[in-house]
Amino acid sequence: MGNLKDCIAVVTGATRGAGRGIAVELGAAGATVYVTGRSTRAQPAPAYGQILSLSGMDRLPGSIEATAEEVTAAGGRGIAVRCDHTDEADVAALFRRVEQEQGRIDLLVNNAWGGHEVFDGVFQAPFWERGMEQWDPFINRGVRNHLLASRIAAPWMVRRRRGLIVTTTFWDRDRYMEGNLFYDLAKSAMTRLAFGMAQELRPHGVASVAVTPGWMRTEFVLAGHHTDEAHWREKPALARTESPRYLGRAVAALAADPQVFARTGQVLRVGDLARSYAFTDIDGRQVPPFELDAHA
Ligand SMILES: NC(=O)c1ccc[n+]([C@@H]2O[C@H](COP(=O)([O-])OP(=O)(O)OC[C@H]3O[C@@H](n4cnc5c(N)ncnc54)[C@H](O)[C@@H]3O)[C@@H](O)[C@H]2O)c1
């Protein structure tokens, strides 16, 4: 993995899940990582949806401080900053702090995602049977928050004519997420956001890409299957999952790639990046890209 010891990164929504995996892998490559989220040790995580209630728990472990400590233990420097990414004042204060402490930002990872917190246990349903209460967590805590962070970080990158914005999403060759219109809308908008930002940043030497993992064994997914990272192999349904660190390795490889600008505007699958940059998941497997029809 490339050396990121001079990299100043912000990873949004990094108390758990994909964000945590990305932050820790950036740390392993030596980066300074601002770990953001709402959950602190003093203020526990918000409750998740029905799938966790079904398994007897509605709160997941994780805090910005715990992830920041993991980043530092991995070899980087983790800095925990409480930030609700829907709140413009919080987001402005986050980036002000990064500017005061570092004077620059090299990598922004747009990842905070509210969709899972309202998951109702229904995997597929026609849109007219889903409630409008899904709009806010899926769109405002999935797309608006990324635009909000990016429009504050972009001017600093533009001034230096360098930088990378990574937006995590789910994308499978433009296939429709059957029975999940809200999810599909949110993910399509994120992917398009990364593309649109790339067009406007291109003349300024700044890159923007969307990165799509496969099905990840996040704390949410593991709890929904009544298991944990030590025992997931006992669950046949999780056979093709990957760890969030696999996505983290993809982001670290992109951040360390001097040719990353050649990829600007693209949506990149973690399984493809693993082949291209020759990395594996934490268990040594090179998990192929997730394809919807292969899982139908
Ligand atoms: N889990 C998977 O298998 C999977 C697969 C493909 C793509 N993805 C995508 O990866 C991204 C991350 O998903 P995840 O699975 O890690 O989700 P998650 O629910 O496990 O984690 C989301 C993180 O964002 C934080 N967050 C939510 N709202 C926030 C807010 N307002 N301010 C700050 N932080 C906030 C949460 O607290 C949490 O730390 C999403 O775009 C998701 O669609 C996930």
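Around the ligand stand 27 residues, of which G13, G17, A18, A112 and H116 come nearest; a residue counts as near a molecule if its C-beta atom, placed from the backbone, lies within 6 Å of it. Helix 1 (17–28) and helix 7 (219–224) are the elements that give two or more residues to this shell. Helices (H or I, at least four residues) and strands (E, at least two) are DSSP runs, numbered from the N terminus. Helix 1 supplies the largest share, three residues. By class, the shell holds nine nonpolar, 14 polar and four charged residues. Nonpolar means Ala, Val, Leu, Ile, Met, Phe, Trp, Tyr, Cys and Pro; charged means Asp, Glu, Lys and Arg; the others, Gly among them, are polar.

The model is predicted: local features need pLDDT of at least 70, side-chain atom pairs count only at pLDDT 80 or more, and totals for chains, interfaces and linings use all residues. Residues are numbered from 1 along each chain as its sequence is written. The chain has a mean pLDDT (the predictor's confidence in each residue, from 0 to 100) of 94, and 97% of its residues reach 70 or more. Confidence is highest in strand 1 (residues 8–11), at a mean of 99, and lowest in helix 2 (residues 50–54), at 71. The ipTM is 0.99 and the pTM 0.97.

In helix 3 (residues 64–74), I64, T67, A68, E70 and V71 are buried, with 20 or more other C-beta atoms within 10 Å of their own, these atoms being placed from the backbone. The buried residues fall within an arc of 155° seen down the axis of helix 3, so they line one face of the helix. The arc is that of the directions from the helix axis to the C-beta atoms. After helix 3 comes G75, with a positive phi near 125°.

Technical notes
A residue is buried if 20 or more other C-beta atoms lie within 10 Å of its own, exposed if 12 or fewer, and partly exposed in between; C-beta atoms are placed from the backbone.
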